[in-house]
Structure formats: C-alpha cells, structure tokens
Amino acid sequence: MISEEVAAPTRTRCGIDDVPYPDVSNLITEDDTPVDNQFSEKQMRLLTESIHASWNPGFPFVAMANVGVFVALNRLPIVPDVLLTTHVEPLQDLLDKEHRSYFTWMYDGKVPDVVIEIVSNTKGGELDHKLRNYQHMRVPWYVVYDPLHALSEETLTIFGLEQATYRQQKPGDLFGEIGLGVTIWQGEFEGITAPWLRWCDGNHQLILTGQERATTESRRATAEAQRADLLAAKLRELGVDPDSLV
C-alpha cells in the first residue's frame, strides 16, 4: 500500500523549527475494499452518528469509521472499524490528500484514544495481530465486539493499556478521563432489532442518535404541553383565567 518513492516534503507545520510535514502524495490511502457485511456497516454508522449527534464533552474530537491510521511513512496503516480521538480539531478540506486518512502527524501526533473492531469471522485477527498492532501503537483503549462469538465466548472484550501492555478491563469500565464507555444494547436501529454496541456516558446512559434525541425532545415537549393544559383546566375549575396569569 505504501510507495517506496517519497518526494521531499513541501508543506510545513507552524512551530519551533518549522518541522515539515511528510509528503503523502504517493501513499495509497484507500483501496475501495467494501465493508464485509450489512450488520458491520450499520454498527459502524450507529457508533459514529450517535457520538457526533449527541456527545458534547466540552473539547474537540474526531470519530471515524473504516479509515486508515498511519503512524509513519514506512509503516503500513491499520484500519480500525471505528476510532475516536479527543482533544484534536477536525480537519477541513477532506478531499485533500493529506486529510483523507488518519495521519497521526496531522492530529498533534496522537494515535486514537479508542479503537473498536467488529468481528465478522475468524480471519480478522482482532485478538491476535490487530491487538499486537494497537498495543505497539500505544492506543490506550481497544474494544472487540464479537456478536457471533467467532473468536471467543466473550461478546465484548475491552483492553486498556497499562505500562505498554494491554490488560483486559471489567465490563462497564469507562475509558479513563474521556468519560465514555461502551455497552451492548438490545434494540432497534434503522428498522433492525439486534444487540448493538453503543457508547454510554459516565452515568451509563446511552449516547443517543440524532433520531433518538429528536424523539426524546418531542416527547418531552408533548408531555410539558399536556401538563400545561391540565394546569389550565384546573385553574378554570377554580374560577381563574390562566391567561390572566401571563
């Protein structure tokens, strides 16, 4: 995937010594390989859509699905199903070659905080070489969702980096100071009822999709309007015009 010929860098970062960006013009950043199945495609979209729609942590972040992560020009990328990186600004001009993949040097040198793999079969190496790759990259949190139990009896496995080594975490543990976790939720998404992997907040409440949030707000507004109507009716029974109280 990586060309052996790398031209001299032509763009520079602002800062001490004006360190140049690597030239990525010869890199293959996408190969048009399709998603392996419909469930995985929907699962990835559920994770990225909900966090963009409803998570407001007070700091910038990026969340992506099926995008290659490059840590160096001479290393092949690894492509997590979903990634999340906090305290970095989203890039603009996403058609720009330098912005089309997750080049760590474009995100303040940060690898993702969380990577998620959705297991479809025994060939992905999620508990083997991918685990070693993410550990070598020093990704703090690695989540493996295996709904078909293709790799083990564990449906959800979470690893946290401790002294450069992954240790399996307890179900329900949050991702450190990020204030997020993941949980398995049995419910309907886009007309499909299944056990879905969902983000949850520090109170273990689901991070809602845009549609769920709109539905929740609509129900709340309807309930408030009904309460207001009941109160107005009660005031009229007592001989008080509710409009006179406005």
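Guide: On a 1 Å grid over the protein atoms alone, a cavity is a set of points where a 1.4 Å probe fits but cannot get out; a pocket is an open set with protein on both sides within 12 Å along at least five of seven lines, and lining residues have an atom within 4 Å of a point. This model is predicted: local features need pLDDT of at least 70, side-chain atom pairs count only at pLDDT 80 or more, and totals for chains, interfaces and linings use all residues. Numbering starts from 1 along each chain as its sequence is written, and side-chain values use heavy atoms, with hydrogens and water left out.

Visitor: How many cavities of 30 Å³ or more does a search of the whole structure find?

Guide: One. About 30 Å³ of space lies in the largest cavity. A volume is the space filled by probe spheres set on the grid points, which are joined across faces, edges and corners.

Visitor: Which residues line the largest cavity?

Guide: L127, V144, D146, L151, S152, E154, T155 and T157. Each has an atom within 4 Å of a cavity point, so each counts as lining.

Visitor: What makes some of the lining of the largest cavity nonpolar, some polar and some charged?

Guide: The residue type decides. Ala, Val, Leu, Ile, Met, Phe, Trp, Tyr, Cys and Pro count as nonpolar; Asp, Glu, Lys and Arg count as charged; the others, Gly among them, are polar. By that rule, the lining holds three nonpolar, three polar and two charged residues.

Visitor: How much space lies in the second largest pocket?

Guide: About 200 Å³. Its lining has 13 residues, and A63, M64, L91, L94 and Y107 are the closest to its centre. By type, the lining divides into nine nonpolar, three polar and one charged.

Visitor: Where does the largest share of that lining come from?

Guide: Strand β1, residues 61-65, supplies four residues. Strands (E, at least two residues) and helices (H or I, at least four) are DSSP runs, numbered from the N terminus. The protein has three helices and ten strands. From the N terminus, they run α-β-β-β-β-β-α-β-β-β-β-β-α.

Visitor: What makes K130 buried?

Guide: Its relative accessible area is 16%. Buried means under 20%, exposed over 50%, and partly exposed in between, with a 1.4 Å probe and protein chains only. So K130 is buried. It sits in helix α2, residues 129-137. Beyond residues up to four places away in sequence, K130 touches I78, V79, E117, G124, G125 and Y142. Contact means heavy atoms within 4.5 Å.

Visitor: How do you know that I116 is buried?

Guide: Its relative accessibility is 0%, so I116 falls within the buried class. I116 belongs to strand β5. Leaving aside neighbours within four places in sequence, I116 is in contact with L47, P80, D81, V82, V143, L197 and W199. L197 is 81 residues from I116 along the chain, yet their C-alpha atoms are separated by 9.9 Å.

Visitor: What makes S101 buried?

Guide: A relative accessible area of 2% puts S101 in the buried class. S101 lies in the loop between β3 (82-86) and β4. V67 is 34 residues from S101 in sequence, and 5.9 Å in space, C-alpha to C-alpha. Across the protein, buried residues make up 38% of the 246.

Visitor: Why does D108 count as exposed?

Guide: Its 64% relative accessibility is over the exposed limit, so D108 counts as exposed. D108 is in the loop between β4 (102-103) and β5 (114-118). Its phi is near 60 degrees, a positive value in a residue other than glycine. Most residues other than glycine have a negative phi.

Visitor: Why is the pair of F159 and Y166 called tilted?

Guide: Rings of Phe, Tyr and Trp (its six-membered ring) pair if their centres lie within 6.5 Å; planes under 30 degrees apart are stacked, over 60 edge-to-face, and the rest tilted. Here the centres are 6.0 Å apart and the planes stand at 45 degrees, so the pair is tilted. F159 and Y166 are both buried. The structure holds twelve aromatic pairs.

Visitor: What lies over the face of W185?

Guide: R198, at 4.6 Å from the ring centre. A charge sits over a ring if NZ of Lys or CZ of Arg is within 6 Å of the ring centre and within 35 degrees of the ring normal.
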